[in-house]
Every structure is written in C-alpha cells, then in structure tokens.
Amino acid sequence: MRFTESDERLALREAVRSFASSYGGDYYRAKAREGAYLTELWAEAGKLGYLGANLPEEFGGGGGGIGDLAAVLEEFSAAGCPTLMMVVSPAICGTVLARFGTPEQRRRWLPGIASGESVLAFAITEPDAGSNAHNITTTARPDGDGWVLSGRKTFISGVDVADAVFVVGRMEDTATGRLAPALFMVPTDAPGFEARRIEMDLVSPDHQFALFMDGVRLPADALVGDPGSGLMQLFAGLNPERIMAASLATGSALHALERAVGYASQREVWGRPIGAHQGLSHPLAQVKVEVELARLMTQKAAALYDAGDDAGAGEAANMAKYAAGEASARAVDQAVQTLGGNGLATEYGLGAAVTASRLGRIAPVSREMVLNYVAQHSLGLPKSY
Ligand SMILES: Cc1cc2nc3c(=O)[nH]c(=O)nc-3n(C[C@H](O)[C@H](O)[C@H](O)COP(=O)(O)OP(=O)(O)OC[C@H]3O[C@@H](n4cnc5c(N)ncnc54)[C@H](O)[C@@H]3O)c2cc1C
C-alpha cells in the first residue's frame, strides 16, 4: 500500500503548479470582476494537455485517470484559480462520454473537451427538485426520429462558455408511457433553449444560469449512450464530480493557508511575528491537519474509482467531499482572521474567498445529503427522508 502519489503524478503537479502560478489569484479575481472568463488560462491549459488528463489518448486526452485531473484542479485552486468548469466539462461530461458515449459521440466531443476548444455544461438541478434528484421533471418525448425536450434547470454553471449542455432528464417510452432516466446533449443555440443568468454573491468567472427548455427539438443522437442505462451512466459521472469538487476545495484551502502562513510569519505587532502566538498558530495547524486528511480521502476515492471500484469510490468520494468542504470553509475563515483587517481588504483576495468557500458545503451535493448517505450506507441506519 502506498500513501504517496506516483512519480508521474508528482511531476504533473509540479508542472501544473508552475503553470497556474503564472496566472494566480489576481488574474482570477480580475477576470471575475470584469465579468470575463479565464479564456487564456483555459486555452493554454488545454494545449498543454491538462484539461484532458483523464481522457483516452485516442481522443487527444492524457490517458490518465480522474486522480490526474483532480491533481490538476487542486493545483489550479492552490494557485488561486479554482475553475468550476473543470469539474463539469472534462470530469463529469468527459467521463460519461468516454465510458458510455456512442463511437460518434466520442469522436465528436472528446477531442474538443480535451483541448479545451469545446466546453460542456452539466444540468441536473431543478428548481422544484433540488437535492431530491428523483423528482426531476425535465422530459424528452420521441418525435419522428428525434426528441422534443421540455423542462427547467437552475444554478447551471458556465452555460455562457459552453457549446452544449449535458442535460439529465427523463425519456418517455411511447409504448408504455413510462419515464426512464436519460442524458441529452443540448446545444446552447438550439431554438427553444434559453439561459438566464442568476446574480450570485460569488467573485467568480464561472457564472450560474437558470435554463428554460420549451419544446427543444433534438436529433436522435442527442441521447447520450445507451437508452437502457441512463441511471448507471449518470452515476458514473457523479463520483468524478465529487472527487473534483473535493480537490477544488482542498486546493482553495491550501491557497488560503499559504496566504495566512506567509502573513503570520511577517506581520509584527508585539515585536515578533503574530504567527508566534499560539492563538493563531494552533488554528492554522488544525486547518493543515484537516486539509491533509481531506486530501488523503480524496486521493483514496480517486484511486478506487480509477481501479474500477465504483461502489467503494462512492463512499470515499462522499466522505472526501464532506471533509474537503469543511476544511476549505475553516481554512478561509481562519486565514481571514489571521490577516485581521487585511483579511477583508480587496488587495489580499481572502474576503472574496469567504463566499466561495461556502460552496463546498452546498454543491454538487450538500453536506447534509452526504451525511444522509453515510448514515444510511456506511452505518446502516434507517433512511431519514
Ligand atoms: C455556484 C453553484 C454552482 C452550481 N453548479 C451546478 C451545475 O453546474 N449543475 C447543476 O446541476 N447544479 C449546480 N448547482 C446546484 C447545486 O448542486 C445545488 O444547489 C445543491 O445540490 C443543493 O440543491 P438546492 O440548492 O436545491 O438546495 P435544497 O435541496 O433546497 O436544500 C436546501 C437545504 O436543505 C438541506 N436538505 C435538503 N434535503 C435534506 C434532507 N433529506 N436531509 C437533510 N437536509 C436536507 C440541504 O442540505 C440544504 O442545506 C450549483 C450550485 C451553486 C451554488
């Protein structure tokens, strides 16, 4: 059993760290405040092969696993560039397409996802279903040799930079009238598809949208993969999503911790660095312990997933997401405290991180829903809802 990453993974991390640091948190926040996207970072990262680290080599990817892509995102986040679209485009959509897409869908989408030239958004959340994904009502009914899709989605990230949205819906069986889970690829310029920006109190270049799909006509091949396996295909994307969300959170926590430690080592108000006071050094040390534990569980989840153990990865990915969300919120909170007034000054970038750090407790699955999962599946307690 190894508790360190492979030499290749460590080399990948080092290269990504140096690349992402050349952009850094100032670049990220400036783009967010202009309302612009991280276009330069995304394009360069795509050319360098970082965005497709997990995708098959025959489609332009790096041939690695989700652990490699998660390492890339953790390093981006640790450098101050926590891009949500890496969770969505290569990790969820790329994984599902690579594992279950038809040969034509793989050829059409995977090379662009790997190079960053194509971006896919992912839409499961609905206003009236929320955490209860069993209640989603977006439905496609067969029409000629294609489909007509109608429904609503909310909080969908990155629709403004996406070519298409990977929509989780239901497919109507004309013979029986029954509805089965299914995934559809919906171009963002399709007639009947409308995306309205949701104003958020997040300083982020990734914007969120409410989607309105009113009789959107789709060709037959908009249905992703095999019509009989929609649920299994969806689940294949959710573990990578949690592993990536955990990595974004641990990377963001490391970024905040580094800033706090740097400041605490320099700032003097009683003739010695404030980091000498245990009132500051102990909470920072606690954060370090919590972040490293969360990173370990995230790497375990990725290793299980990449070894083909979907069930084992499910439990570990949920636990990793929980631990990382908590560690990130506490890291940013303690970093702000360490900087005193400067913790909220725009120049230091930590005030903006406060709202962002709450995201790890809410999305893609909330802290409470992870605890429900652990109570029920890991502890065998009765389902509470
Ligand atoms: C910045 C951002 C980006 C996002 N990007 C995407 C995206 O790209 N695609 C996408 O599909 N979605 C996206 N989401 C949506 C996100 O996944 C949801 O917000 C999240 O799953 C929670 O759903 P909800 O907001 O409807 O909350 P609700 O389900 O309404 O929950 C509200 C509160 O009730 C608690 N709760 C609900 N049910 C239970 C229960 N049974 N037991 C205990 N507590 C419970 C929840 O934990 C939460 O605290 C994004 C959200 C944000 C904020």
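Let's start with a kink: helix α5 bends by about 35° at G94. Keep in mind that this is a predicted model, so the bend is something computed from predicted coordinates. The helix covers residues 85-100, which makes 16 residues. From its first C-alpha to its last, α5 reaches 21 Å, close to the 22 Å expected at 1.5 Å a residue.

Where does α5 sit, then? Since 15 of its 16 residues are buried, α5 is largely enclosed by the rest of the structure.

Let's step back to the whole chain. Its secondary structure comes to 11 helices and 7 strands. The radius of gyration is 21 Å, close to the 21 Å that the globule rule gives for 385 residues, so the chain is as compact as a globular protein of that length. Along the principal axes, the C-alpha trace spans about 80 × 50 × 40 Å. As for burial, 47% of the 385 residues count as buried.

Which residues come nearest to the ligand? Out of 21 around it, those are G130, S131, S366, E368 and Y385. What is the shell made of: how many nonpolar, polar and charged residues? There are 13 nonpolar, 7 polar and 1 charged.

Domain 2 (123-225) and domain 3 (230-378) each give at least three residues to it. Looking at individual elements, strands β1 (120-123) and β3 (146-157) each supply at least two residues of the shell, and so do helices α10 (350-362) and α11 (367-378).

Thanks, everyone, and over to you!

How values were computed. Residues numbered from 1 in each chain as written. Predicted model: local features only at pLDDT ≥ 70, side-chain atom pairs only at ≥ 80, totals over all residues. Near = placed C-beta within 6 Å. Helix = DSSP H or I, 4+ residues; strand = E, 2+ residues; numbered from the N terminus. Nonpolar A, V, L, I, M, F, W, Y, C, P; charged D, E, K, R; others polar. Domains from an automatic or database assignment. Expected span 1.5 Å × (residues − 1). Bend = angle between axes of the 7 residues up to and from the residue. Buried ≥ 20, exposed ≤ 12 C-beta atoms within 10 Å, placed from the backbone. Rg over C-alpha atoms; globule rule 2.2 N^0.38 Å.
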